[in-house]
Amino acid sequence: MPRPDLTAILDLPIEARLEIVAVICDSIVEEARVGELTAGQLADLERRLADADAHPESGEPWDRVRERILSSLRR
């Protein structure tokens with residue numbers, strides 16, 4: 001399959017490109033039909049959620065993380 005011309009997309013603002021990435025990722029997940037979590041994956045997820053609930057101060061708000069990521073991309 002030939003590679004599409006991405007010039008117009010790459011010229012978009014970062015926020016618009018991130019939205020396109022999110023749409024593409026969602027479509028891949030839907031198409032891939034990701035299966036159920038294994039018992040180990042579920043246990044790890046539950047452990048991480050419990051840790052996050054027990055120590056909410058150790059996390060960082062999404063808006064701050066997002067801004068840090070966007071700032072690093074603008075350099």
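The 10 positive and 16 negative charges of the protein chain have mean positions that lie 7 Å apart. Lys and Arg are counted as positive and Asp and Glu as negative, without His or the chain ends, and each charge is placed at NZ of Lys, CZ of Arg, CG of Asp or CD of Glu. The model is predicted, so local features need pLDDT of at least 70 and side-chain atom pairs count only at pLDDT 80 or more, while totals for chains, interfaces and linings use all residues. Residues are numbered from 1 along each chain as its sequence is written, and side-chain values use heavy atoms, with hydrogens and water left out.

The protein chain has 4 helices and 0 strands, where helices (H or I, at least four residues) and strands (E, at least two) are DSSP runs numbered from the N terminus. Along the sequence this reads as α-α-α-α. The radius of gyration is 18 Å, well over the 11 Å that the globule rule gives for 75 residues, so the protein chain is more spread out than a compact globule. That radius is taken over C-alpha atoms, and the globule rule is 2.2 Å times the number of residues to the power 0.38. Along the principal axes, the C-alpha atoms fill a box of roughly 45 × 30 × 15 Å.

Of the 75 residues, 4% are buried; buried means under 20% relative accessible area, exposed over 50%, and partly exposed in between (1.4 Å probe, protein chains only). The accessible surface of the protein chain is about 6900 Å², and 59% of that belongs to carbon and sulfur atoms. These areas come from the Shrake-Rupley method with a 1.4 Å probe, and for residues only the protein chains shown count as cover.

There are 5 salt bridges in the count, each a side-chain nitrogen of Lys or Arg within 4 Å of a carboxyl oxygen of Asp or Glu. Asp 44 takes part in a salt bridge with Arg 47 (2.5 Å, N to O) and in another with Arg 48 (3.0 Å, N to O). Arg 47 and Asp 44 are 3 residues apart in helix H3, about one turn of the helix. Arg 48 and Asp 44 are 4 residues apart in helix H3, so about one helical turn separates them. Asp 44 is partly exposed because its relative accessibility is 28%, whereas Arg 48, at 52%, counts as exposed.

A further salt bridge joins Glu 67 and Arg 74 (3.1 Å, N to O). Salt bridges with shared partners link Glu 15, Glu 67 and Arg 74 into one network. Glu 67 is partly exposed at 38% relative accessible area, and Arg 74 is partly exposed at 45%.

Helix H3 (residues 39–54) also holds Leu 42, which is partly exposed because its relative accessibility is 38%. Leu 42 forms a nonpolar surface patch of about 350 Å² together with Leu 37, Leu 45 and Leu 49. Patches are made of residues with over 30% relative accessible area and no salt bridge; like charges are joined within 9 Å and nonpolar side chains (Val, Leu, Ile, Met, Phe, Trp, Tyr) within 5 Å.
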